[in-house]
Amino acid sequence: MNEVTEKVINVNHVSKSFKIYFDKGHTLKEKLLFWKRNRHEKREVLNDITFSVKKGGSVGLIGRNGCGKSTMLKMLTKIYYPDKGDISINGKISSLIELGAGFHPDMTGRENIYINASIYGLSRKEIDKRIDSIIAFSEIKNYIDNPIRTYSSGMYMRLAFSIAISVSADVLLIDEILAVGDASFQAKCFNKLKELKKQGKTIVIVSHNMKSIIEFCDSCIWIEKGKIKKIGDTEKVINSYLDYMVDKDVFKTLNSHDRSSITNEINRRKMPKK
């Protein structure tokens, strides 16, 4: 198989912007009477992004909040579409982005499995074959016939994750979902993703957890202010990212979440290896 046919994901010169309204009228009356309220600015989120992922590859997208990495993932999922450029993906996609989208609060967990799995493209017969393993992985068997609205947020996310990974997809798109449930269940989810990687699934993951990115991804893409700052070997890219982020002028512009993530990773790396 040649290099071209091995590529499962191709992103070519993609750009994306959004209209940001200052004081938008919502009703028709407001739009007609207060038309000046519709002032807006065009904010470019991504600018000329190009990369590809080979079959079985695992790529991490990193960068500070607002850099455009989650927007990129949503374009791969076709939630958003690029203003310029094109994206092609060869194979069936399972996106672990908006976990639980499509759940109905008044229906039971079991009923919601059928609804949510059908959104991913599974037939009734396919769901029948997989429902026991979905319930077993979620570890909420005792509550599966209760309405979703009675679930805790952790139970809700466990069930959603269990459904998403049950799909026989070729490509997995993951956005900050490795914080599902408690520490034990998080480890279980991470091990499952490693298992899917060994099976040859192509994976793109967005995360602020540098340790997980290094442990899981073959390569890494650092996005800074909507552009690719660096792409290549995971550890080299992350080292460059951390060096840049601890720069005094950059660090003081970060929000508390990003500061905490960067500080924790720097401290972790200073610890002696066992």
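Reader: How do the residues lining the second largest cavity divide into nonpolar, polar and charged?
Author: That lining has 3 nonpolar, 2 polar and 1 charged. Ala, Val, Leu, Ile, Met, Phe, Trp, Tyr, Cys and Pro count as nonpolar, Asp, Glu, Lys and Arg as charged, and the others, Gly among them, as polar. This is a predicted model, where local features need pLDDT of at least 70, side-chain atom pairs count only at pLDDT 80 or more, and totals for chains, interfaces and linings use all residues. Residues are numbered from 1 along each chain as its sequence is written, and side-chain values use heavy atoms, with hydrogens and water left out.
Reader: Which residues line the second largest cavity?
Author: His 208, Met 210, Tyr 241, Asp 258, Ser 261 and Ile 262. Helix H11 (residues 256–270) gives the largest share, 3 residues. Helices (H or I, at least four residues) and strands (E, at least two) are DSSP runs, numbered from the N terminus.
Reader: What counts as a cavity here?
Author: On a 1 Å grid over the protein atoms alone, a cavity is a set of points where a 1.4 Å probe fits but cannot get out, and lining residues have an atom within 4 Å of a point.
Reader: How many cavities of 30 Å³ or more are there?
Author: There are 2. A volume is the space filled by probe spheres set on the grid points, which are joined across faces, edges and corners.
Reader: What is the lining of the largest one like?
Author: It has 6 nonpolar residues, no polar ones and 1 charged. Lys 201 is in that lining, as are Ala 164 and Leu 196.
Reader: Switching to the sheet. What is the strand order?
Author: E5-E6-E7-E3-E8-E9, an open sheet of 6 strands with mixed pairing. Strands E5 (93–96) and E9 (227–233) are the edges, each pairing on one side only. Two strands pair if DSSP finds at least two bridges between them.
Reader: In which sense do E3 and E7 pair?
Author: Parallel, over 4 bridges. Ser 58 stands opposite Ile 203 in E7.
Reader: Cysteines next. How many disulfides?
Author: The structure holds 0, a disulfide being a pair of cysteine sulfur atoms within 2.5 Å.

Terms used:
1 Å grid on protein atoms, 1.4 Å probe; cavity = no way out; pocket = protein on both sides within 12 Å on 5 of 7 lines; lining within 4 Å.
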